[in-house]
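Here are my notes on the structure, point by point. Please read them with the coordinates open.

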Amino acid sequence: MTSHREQLPLLLLDACCLLNLFATRHIEHILRTLQHRFAIAVAVKTEARWVFEPGEGEDPPDRESVDVESLATAGLLDLLSPETDRENEDYVAFAVVLDDGEAMTAALAVHRGAQVATDDRVARRELRARAPQVAILSTSELLHAWSNEGHIEPPVLAQALRDVRTRARFLPPTSDPLRAWWDAACENS
Amino acid sequence: MTDHDSDELGTRDTAGLLDVLRRIDPRALGQRLQEARKARGRTQQEAADQLDAARTTIVAIEKGERPIRPSELVRLAAFYGRTLGEFVRDGQPVEAFAVQLRASLAPGPDSATEQQLAECTLEFQLLCEDYLELERLTGSTLPRRYPPQYPSTGPNPELAGEDVAVSERNRLGLGDGPLLNLRELLENDVGLRVFVLDLAPKVSAMFAYTEQLGGCVAVNRKHPADRRRMSLAHEFGHFLSKRYTPEVAFLGRVRRRPDLERFADAFARAFLLPATGLQRRFHELQRSRDGGLPTPADLCMLAHFYFVSVEGLAVRLEELRLLPTGTWDRLKNAGFRVREAQALLGLPAHPEEEPQLPLRYQYLAVEAYQRGELSEGRFARYLRADRIEARRIAASLVTRPEMDDEGAVRALPLDLSGALA
């Protein structure tokens with residue numbers, strides 16, 4: 001018997017998106033709210049290690065480890081690795097241009113019919129060129145969907161988006177169609 | 001999941017990727033695998049065991065005679081603790097110098113040191129290759145101002161080192177003052193690639209040269225800053241006289257130093273502590289002491305002025321006969337403690353930490369990233385940083401403080417990837 005979660009479309013987070021979602025301090029709620037089965041490639045786990053934790057007053061920022069294990073234990077995030085020759089073949093081929101986590105994510109998405117969440121320009125370009133059937137999402141799209149589907153209060157959303165900037169040093173590019181939404185949402189305090 | 005399942009999903013749209021794999025030169029790949037195996041201290045048999053294969057399979061793969069299967073490459077990369085990208089990277093392969101560097105050691109060091117050397121020579125080579133790759137991606141080559149090689153042989157290597165130091169100071173328009181920015185000078189005005197790496201404790205620096213890369217130096221990050229500067233100047237001397245001979249320089253390993261090393265040592269002292277400037281300042285000190293010899297405190301301040309160790313300064317003053325021979329030994333035997341003396345004098349410390357990578361290298365990485373030539377993961381790999389640290393470095397390099405008309409300071413973003421109008 002398959003669970004509800006297993007019937008949802010598989011979405012692979014790359015390290016960039018995983019860090020950004022973790023930086024919101026709401027990753028658990030995000031993964032529970034969005035209608036996807038979330039996973040990361042095992043190589044991503046070693047790349048997404050920590051985010052900043054702002055210090056008190058004038059103190060320099062500290063670091064908070066990205067706790068993938070507890071998300072996996074809670075059944076919210078699967079860890080996947082290439083298993084077949086074809087998956088390994090594409091993993092190696094993507095690694096000519098991409099880093100290991102990005103390459104493994106792309107190869108797994110190709111062979112397991114998954115979508116990919118990445119903000120990386122090169123990863124998106126490679127996927128569009130070599131595997132146009134793979135749907136690509138971004139951090140801003142995930143957080144936009146979370147705010148809508150989760151009915152997130154504007155001040156909570158604003159703080160989450162500001163945390164992405166301060167803790168993960170990330171802002172969507174100005175070319176992102178949701179950048180205006182992001183900037184406006186940040187203003188709500 | 002079965003291969004059949006994956007074929008249905010993947011074959012149709014990723015065929016182009018197979019061409020990518022076929023373009024990888026098996027010899028270059030085999031060489032990289034061998035280097036990585038040695039750096040990890042693994043035998044061919046241990047590598048073969050990982051693949052459930054015979055040792056001869058590894059031999060053939062490393063010689064480029066047997067193509068490696070993707071699944072084998074994935075397993076070996078993990079076994080050697082390296083990323084896949086290091087083995088299948090795009091771009092022209094660079095003439096490997098790690099092997100020559102290690103071969104330059106005679107007699108061979110102990111096995112622990114040999115293992116450390118294998119690791120750090122490989123990292124040195126990879127960094128130099130990365131530097132070249134960044135230049136290729138951004139279309140920016142490192143300008144070289146290399147002089148012809150100076151002769152280092154002759155009856156007196158010390159005198160030769162002194163002469164070459166004067167010539168180089170003149171060539172580079174340096175006058176006879178202190179060189180506080182030695183690394184930047186050698187990177188920007190000469191065109192050397194200078195890295196500050198964690199080397200084996202006994203190794204002070206390494207030097208290699210290839211036509212593609214030019215002169216490359218790695219200095220030991222674990223050594224004090226004044227020691228690192230002397231090591232860097234030593235390797236510059238080596239480059240000026242025997243650039244085609246790679247070198248791993250050890251601390252006090254050889255009792256009777258060969259002529260080339262004596263030359264490079266003398267060059268380093270004379271380059272950092274030029275005779276004319278040092279004599280002038282020393283005589284000024286003497287005059288302030290009514291003609292007497294300066295005090296240990298004077299030595300500390302003079303060493304600080306030139307950003308060299310007190311020992312290095314004292315030896316140089318003895319060499320120039322400004323101090324009696326054996327002065328440093330007598331000071332040391334009398335229990336003179338340099339750090340305590342410096343603290344008592346309240347001398348502001350020179351920065352001990354310096355970036356592992358040349359600043360130009362970092363800027364090229366940011367430029368390539370901004371242009372969309374590097375993914376974020378690869379950008380972080382080039383910077384030898386994790387993702388968040390790489391984002392922080394990128395942000396710090398592409399913003400600059402600017403004061404507006406109201407006197408408020410703001411951070412303005414810089415676009416490093418666009419050409420100036």
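**Notes on chains A and B**

1. A:Thr166 sits in helix α9 of chain A, which covers residues 154-168. The model is predicted. A:Ala185 is 19 residues away from A:Thr166 in sequence. Their C-alpha atoms are 15 Å apart in space.

2. Next, the sheet in chain A. The sheet is open and has 5 strands, in the order β5-β2-β1-β6-β7, with parallel pairing. Its edge strands are β5 (78-80) and β7 (136-137), each of which pairs on one side only. Strand β6 of chain A, residues 115-117, runs parallel to β7(A) and is joined to it by 2 bridges. A:Ala117 has A:Leu137 of β7(A) as its bridge partner.

3. Helix α6 of chain A (residues 100-112) touches β1, β2, β5 and β6 of chain A. The direction of α6 makes about 170° with that of β1(A). Helix α1 of chain A (residues 15-23) lies across β1 (10-13), β2 (37-41) and β6 of chain A. Here the angle to β1(A) is about 90°.

4. Now the sheet in chain B. This open sheet has 4 strands, ordered β1-β3-β2-β4, and its pairing is mixed. Strands β1 (193-197) and β4 (247-250) of chain B form the edges, each pairing on one side only. From one strand to the next, the twist averages 15°. β1(B) pairs with strand β3 of chain B (residues 214-220) in the parallel sense, over 5 bridges. B:Phe195 has B:Ala218 in β3(B) as its bridge partner. Helix α9 of chain B (residues 111-138) packs on the sheet and touches β1, β2 (203-210), β3 and β4 of chain B. Its direction makes about 140° with that of β1(B).

5. A:Phe170 is in the loop between α9 and α10 (179-187) of chain A, and A:Trp182 is in helix α10 of chain A, 12 residues apart. Both A:Phe170 and A:Trp182 are buried. B:Phe124 and B:Phe195 also pair edge-to-face, at 6.4 Å centre to centre and 75° between the planes. That pair links helix α9 of chain B to strand β1 of chain B, 71 residues apart. B:Phe124 and B:Phe195 are both buried.

6. Ring pairs in chain B also build a cluster. Its members are B:Tyr146, B:Phe207, B:Tyr209, B:Phe236, B:Phe239, B:Tyr244, B:Phe267 and B:Phe271.

7. How do α15(B) and α18(B) lie relative to each other? Helix α15 (residues 296-306) and helix α18 (residues 338-345) of chain B pack at about 85°, with axes 10 Å apart. They are therefore roughly perpendicular. B:Ala297, B:Cys300 and B:Met301 in α15(B) meet B:Ala341, B:Gln342 and B:Leu345 in α18(B). By class, this contact has 5 nonpolar residues, 1 polar and no charged.

8. Finally, B:Arg37 belongs to helix α3 of chain B, residues 26-39. B:Arg37 is buried, because its relative accessible area is 7%, under the 20% limit. Beyond neighbours within four places in sequence, B:Arg37 contacts B:Arg42, B:Thr43, B:Gln44, B:Ala47, B:Glu62 and B:Tyr80.

Notes. Residues numbered from 1 in each chain as written. Chains lettered and ligands numbered in written order. Predicted model: local features only at pLDDT ≥ 70, side-chain atom pairs only at ≥ 80, totals over all residues. Heavy atoms only, no water. Pairing = 2+ DSSP bridges. Contact = heavy atoms within 4.5 Å. Axes fitted to C-alpha atoms, helices over the stretch in contact; angles between N-to-C directions. Parallel < 35°, antiparallel > 145°, perpendicular 65-115°, else oblique. Nonpolar A, V, L, I, M, F, W, Y, C, P; charged D, E, K, R; others polar. Buried < 20%, exposed > 50% of the residue type's maximum accessible area, 1.4 Å probe, protein only. Phe/Tyr/Trp six-rings, centres within 6.5 Å; stacked < 30°, edge-to-face > 60°.
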